Amino acid sequence: MFEKFYKIYDEETFEAVVLIQKTLGMGHCGDYGDMNGYMLGLVKEDGTVITGKLRLSWPIPVDASSGPEGFSRFKDVTCYRLRLSAMTVDPEADEHRKEYQSNCFCLREVLGEAELPEQLRAIRDDYLEDVVIDDDVLGKLTLDKDMESFAGEYTFGDDEFLFYLDSDEGNVKSCTESLAHGHAFVSRLEELDKRMREYACQELYDDAVSWQEDADEDEQQYPDGLKKEDFIKVISLSEVSFALDGAVTVYYNDGDLFYGHVIVIEYNIATDTFESAYIAG
């Protein structure tokens, strides 16, 4: 059943003590599921230490993600003795792809929990250490090490929204570039909020009208018809995500225009251009 999964990994196996970071989720691969997680590091039996952003994968039946072989198989930030295989590195691949492949492993067997090796203690302690930036403009920014981004909250009028700032490349504990974009964004927030509402209305008004017209009579919010000014007024800012290159993803609560879906606006603050607006969720 899982032959296709194992084809991209070496047949040779090895034992190692692995420090699990976190189980991420399951991808669907035809007739089976591909569980994925991250390891903070591993120590082979010969003492070889491998660290970095190491990916661990294992196949399961698609309906087994909630079972003992799925999300509950490993505890976060816990050591296990595992039998693994490395992903086969394609010699024809570019260097970026080779680097990714060399950090991927598949699970062959769980041999049990294990004590934390001394070689991984500093890595474990560093991962568990809170990283907080107190910014004069955006306030308290807390690093989410799994997402490699800083998170915070900002109040704008009656709205309090979440924001996320991508960590700097090569230094997960800082966010210099995305923070500059965040400062620029909030300094123009009144103007940008108005423009984003108008842009969302421009792109999605006709869809919203259709959704409202398709609602049952007792669910009609706008019995006299949805007007553009209604659209612009009813949505509210809920979340903003800043990338290093100036790309900004903005989320608005839909005010039930699309019955609980979120409105997403793709904007670039470096070029001051809107790229798209759509509903999700």
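## Terms and model

Helices (H or I, at least four residues) and strands (E, at least two) are DSSP runs, numbered from the N terminus. This is a predicted model, in which local features need pLDDT of at least 70 and side-chain atom pairs count only at pLDDT 80 or more, while totals for chains, interfaces and linings use all residues. Residues are numbered from 1 along each chain as its sequence is written, and side-chain values use heavy atoms, with hydrogens and water left out.

## The barrel

Five strands form a closed barrel in the order β1-β2-β3-β5-β4, with mixed pairing; two strands pair if DSSP finds at least two bridges between them. From one strand to the next, the twist averages 50°. Strands β4 (residues 78-86) and β5 (residues 104-113) run antiparallel and are joined by 7 bridges. Arg-81 stands opposite Gly-112 in β5.

Helix α3 lies across β1 (14-29), β2 and β3, and runs at about 120° to β2. Angles run from 0 to 180 degrees between N-to-C directions, with axes fitted to C-alpha atoms, for helices over the stretch in contact.

## The largest pocket

The largest pocket holds about 740 Å³ of space. Of its 26 lining residues, Gln-21, Gly-52, Lys-53, Glu-148 and Val-172 are the closest to its centre. A pocket is an open set of points on a 1 Å grid over the protein atoms alone, with protein on both sides within 12 Å along at least five of seven lines; lining residues have an atom within 4 Å of a point. A volume is the space filled by probe spheres set on the points, and the probe is 1.4 Å.

At least two lining residues come from each of β2 (32-44), β3 (49-60), α2 (95-102) and α3 (118-128). Strand β3 gives the most, with 4 residues. The lining divides into 8 nonpolar, 8 polar and 10 charged residues. Ala, Val, Leu, Ile, Met, Phe, Trp, Tyr, Cys and Pro count as nonpolar, Asp, Glu, Lys and Arg as charged, and the others, Gly among them, as polar.

## The second largest pocket

The second largest pocket has a volume of about 150 Å³. Its lining includes Phe-5, Cys-29, Arg-55 and Met-87. Here β2 gives the most, with 3 residues. The lining residues are 7 nonpolar, 2 polar and 3 charged.

## Asp-159

Asp-159 lies in strand β9 (residues 159-166). Apart from neighbours within four places in sequence, Asp-159 is in contact with Tyr-154, Arg-197, Ser-236 and Leu-237, where contact means heavy atoms within 4.5 Å.
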